[in-house]
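Here is a short note for a colleague who is opening this entry for the first time. Please keep the sequence and the 3D view at hand.

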Amino acid sequence: MKLHCNKIICSAILAAFVVLSGCAKKNTKSEEKEFKPIIVGFSQIGSESAWRTCNTQSMKEAAAVEDIQLVYANAEQKQENQIKAIRSFIVYQVDVIVFIPIVQDGWDNVLREAKEAGIPVIVIDRSIRTSDESLYAGYLGSDHTEEGRKAARFLQRKFSRVQRPLNILEIRGTDGSSAADGRYEGFREVINKDSRFKIIHSESGDFLRSRGKEIVERILSVNGKLQIDGQPIDIIFSHNDSMTLGFLDVLAEHGIRGGKDVTIVSVDAEQAAINALKEKKINCVVECNPKLGPQTMKLVKTLCNKYEIPHITRVDETVFTEYDNLSEITPRGY
Ligand code: GZL
């Protein structure tokens with residue numbers, strides 16, 4: 001097995017990781033009789049949104065509940081940091097690697113190294129594109145394409161009685177990520193069947209609150225109106241709540257009522273977005289479930305007990321709209 005970094009470098013990188021619940025090196029022969037906790041190497045994208053923070057917390061809490069030692073690495077939005085972390089997990093000989101691929105491509109080499117080292121990999125949240133599906137044991141996460149379809153279906157319902165052109169501004173998440181690409185494709189699969197709807201502008205906000213704010217500020221800076229090249233924007237489809245919350249205040253500063261003067265569809269369903277839905281500032285929030293920890297740890301234990309896991313496990317998700325009884329929504333916890 002060829003490693004792209006020698007043991008000293010990898011150990012140094014690993015030393016920088018947050019090692020949770022006292023992760024100890026694999027036991028020596030003499031200690032084998034003692035309880036040998038499962039060690040999981042977890043490569044997380046970063047902390048770009050409330051969704052991500054909740055996802056990380058869910059993983060840490062679930063590992064603690066299952067007495068699993070979690071070696072946590074925050075990649076700070078860089079794929080190369082994720083690849084380094086995975087290589088360090090291999091050197092450290094963790095039992096299972098769990099990672100959330102910031103983008104879909106570029107993982108085959110490092111996953112091949114993990115396979116050659118005999119360490120199974122579970123992909124969670126976002127999915128990967130690979131030439132060899134055997135490079136990972138299984139995927140757990142959302143159907144992001146369906147999330148895009150749900151957003152479009154809400155618009156079809158809301159505008160069912162409107163017979164005029166309806167212009168859409170789409171603010172995308174991280175291009176190349178399965179989350180953004182899936183929402184992009186699912187939304188178009190439904191909305192493009194209805195000639196009233198036209199996506200007049202689509203731009204990446206990288207799932208960041210600051211970028212959602214910047215994009216709408218720039219559009220409004222032309223003449224204070226929510227329009228692109230003189231065409232009014234009737235709808236904003238935002239790929240996550242962080243970006244939505246970033247531009248909501250900007251709209252209000254310009255006297256534009258989100259949820260009334262412009263229809264807003266957002267994704268994630270963090271508490272602040274649900275609150276905005278209740279205040280009628282947003283019209284629809286498509287849920288994307290961040291609480292993957294318990295299911296992930298069960299899959300880890302299944303692998304460690306030498307059983308196979310499903311190649312795809314989907315999480316349950318719903319959609320919250322202005323037509324629902326919003327008082328029944330349980331507190332989101334993030
Ligand atoms: C979706 C997840 C996305 C969220 C964003 O599964 O990967 O990443 O929708 C987060 O809030 O940044």
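1. Basis. This is a predicted model, in which local features need pLDDT of at least 70, side-chain atom pairs count only at pLDDT 80 or more, and totals for chains, interfaces and linings use all residues. Residues are numbered from 1 along each chain as its sequence is written, and side-chain values use heavy atoms, without hydrogens and water.

2. Domains. The protein chain splits into domain 1 (5-142 + 290-316) and domain 2 (144-288); the bounds come from an automatic or database domain assignment. Their centres, taken over C-alpha atoms, are 33 Å apart. At the contact, 15 residues of domain 1 meet 17 residues of domain 2 (contact means heavy atoms within 4.5 Å).

3. The cavity. The structure holds one cavity of 30 Å³ or more. On a 1 Å grid over the protein atoms alone, a cavity is a set of points where a 1.4 Å probe fits but cannot get out; a pocket is an open set with protein on both sides within 12 Å along at least five of seven lines; lining residues have an atom within 4 Å of a point. The largest cavity holds about 100 Å³ of space, a volume being the space filled by probe spheres set on the points, with grid points joined across faces, edges and corners.

4. Its lining. Which residues lie nearest the centre of the largest cavity? They are Trp51, Arg52, Arg126, Arg183 and Asp268, from a lining of 13 residues. Helices α2 (50-65) and α6 (178-191) are the elements that give two or more residues to this lining (helices are DSSP runs of H or I, at least four residues, and strands are runs of E, at least two, numbered from the N terminus). The lining has four nonpolar, three polar and six charged residues. Here Ala, Val, Leu, Ile, Met, Phe, Trp, Tyr, Cys and Pro count as nonpolar, Asp, Glu, Lys and Arg as charged, and the others, Gly among them, as polar. Both domains give residues to the lining of the largest cavity, so it lies between them.

5. The largest pocket. Its volume is about 340 Å³. Of its 16 lining residues, Asp95, Gly118, Pro120, Leu303 and Lys306 lie nearest the centre. The lining divides into 10 nonpolar, two polar and four charged residues.

6. The second largest pocket. This one has a volume of about 280 Å³. It is lined by 19 residues, with Ser127, Ile128, Tyr139, Ser178 and Arg314 nearest its centre. Helix α6 gives the largest share of the lining, four residues. Five lining residues are nonpolar, eight polar and six charged. Both domains contribute to the lining, so the second largest pocket lies between them.

7. Helix α4. In α4 (residues 108-116), the buried residues are Asp108, Val110, Leu111, Glu113 and Ala114 (buried means under 20% relative accessible area, exposed over 50%, partly exposed in between, with a 1.4 Å probe and protein chains only). They pack against α3 (79-91), β4 (96-99) and β5 (121-124). Just after α4, Gly118 takes a positive phi of about 75°.

8. Cysteines. Cys284 is buried, at 0% relative accessibility. Cys304 is partly exposed, at 24%.
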